[in-house]
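Trainee: Could you walk me through reading a few features here? I'd like the general idea, then the case itself.

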Amino acid sequence: MFKYQVLDEQLFSLRFGGNNPHLIPRYGLIYHGPIKRLEHSQLQLRFVYPNICVSHSIGKLKRILVEGSDKFPGFKRVYRSDLELLEDVVIEREEISNPQKSIRLKKALEEDCELSVKPVYIVVVPPYPRWFRKSPYYLLKAYLLKYGIMSQMVRTDTITTRSLEEVAFNMANAIFAKASGEPWRLFSKVISFSGTSEKVAIIGMGISRIPKEPGYKEYDRYAGFTILYSDEGQLLYIRTFVTEYDRQVVFRELKRAVVEAVDKFSGYGEIDVIIHYAGKELGGPEEEKLVRTIEELEKARKLKVHYSVLRIVKNPLYRVFSTSKHGYPPMGLYVRLGERLILTYTIGYLRNMSPMGVPVPLLLSIRLSNISIKEINIEALVSSVCKLARLNWRGTSVFNREPVTIKYSRLLAYLSASLKEAGGLNPEDLPAEKPWFL
């Protein structure tokens, strides 16, 4: 018989403006505003879209963003910032796949890139398969990033078939984050798994294989990412790379992430570092090198580093069944399946709110640590996963299954690889401190 434990529901609360807590992101924003406002009081938006029959839907979307609606009170009220809509750029159909040929777009970009505070572009594109390398989505995003312009891509079928109130709220949240705002952080910090450190850094590391064509079993490229969060859920940096798979390259990037994480917290004498990763496992040689790297850092920086490497398996075979009347396991439930294996639910029953569908757990495997397994605070590791699942700024839903440390991996992997191929954009040139990929 396995024994289960459940994290305190209060641990899932988020922190909004005025350091006020709320469990539900959208209501926390409406009642309290974002935890960190934009540096400038006004945000400029510019719509870019092809000359097809979407202008009516775009007009409605603009009105909701500015004036608000029943479900979305408007950008100014929610994010406490004025919104200015710049003149639209309407491009020809054939220019959607050749944005550099659009004279109108180029003129707008040349003017906007000279501004000290650049506008964010909302780009409406027709739906294309994600795997299609020359999709207008990738071509336009890469083209705009070369000018230093952040963009929010939205498909024509999204604005013509879905609730524009929902679309506006989710879109506004991502735009606000891309413009250097911060919608929310964790209300309670990720605690030390060693029990002695004052600060905790959480690193996400991932590798994704990208197929040549849909359904193919041949893979011609690998994309990886590293992402660093503080223990209170502040996004500190993002790194991406695209390469043929090479263990040495992967380890080099992980080593760089660990060094930067340690340097971010070099003012402390003792820190915990939690590494989340998904996908291909680290091999024995890489694990040994990681241990040596951290030992060398400790000597060079004169601080103590406690580390724990946590592999996250997204589709385990195990499940937990609840006999309660609602039928769902509670959010934050976890079960130890072995000394180093933990099954945990990042979504589930929560204050009379049931998730859509049957919740699927995550399997956590403690791969490596310089703390004895018997001395590790398992709840601290579980809460690092469950809490970071609450930091998905792509929308304002209360339920997000994967922690952002691995959820963003697919976005970063596909986008960085596709932007390099479609638009010749080097991953090293992508913004390191703004969530451009949302």
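This is a predicted model: local features need pLDDT of at least 70, side-chain atom pairs count only at pLDDT 80 or more; totals for chains, interfaces and linings use all residues.

Trainee: How many bridges join E2 to E3?

Mentor: Strand E2, residues 14–16, runs antiparallel to E3, and 3 bridges join them.

Trainee: On to helices, then. What should I know about how residues point in one?

Mentor: An α-helix has 3.6 residues a turn, so residues three or four places apart point the same way. Now take helix H7, residues 164–178: its 15 residues reach 20 Å from first C-alpha to last, close to the 21 Å expected at 1.5 Å a residue.

Trainee: Is H7 enclosed or open to the outside?

Mentor: Count the buried residues: 14 of the 15 in H7 are buried, so the helix is largely enclosed by the rest of the structure. Just after H7, check serine 180, which has a positive phi of about 80°.

Trainee: And loops? Where is isoleucine 376 found?

Mentor: Isoleucine 376 is in the loop between strand E17 (362–369) and helix H10 (378–388). Buried means under 20% relative accessible area, and isoleucine 376 has 6%, so it counts as buried.

Trainee: Which residues is isoleucine 376 in contact with?

Mentor: Leaving aside neighbours within four places in sequence, isoleucine 376 contacts Phe193, Ile366, Ser369, Ile371 and Leu381.

Note on methods:
Residues are numbered from 1 along each chain as its sequence is written. Side-chain values use heavy atoms; hydrogens and water are left out. Two strands pair if DSSP finds at least two bridges between them. Helices (H or I, at least four residues) and strands (E, at least two) are DSSP runs, numbered from the N terminus. Buried means under 20% relative accessible area, exposed over 50%, partly exposed in between (1.4 Å probe, protein chains only). Contact means heavy atoms within 4.5 Å. The expected span of a helix is 1.5 Å times one less than its number of residues.
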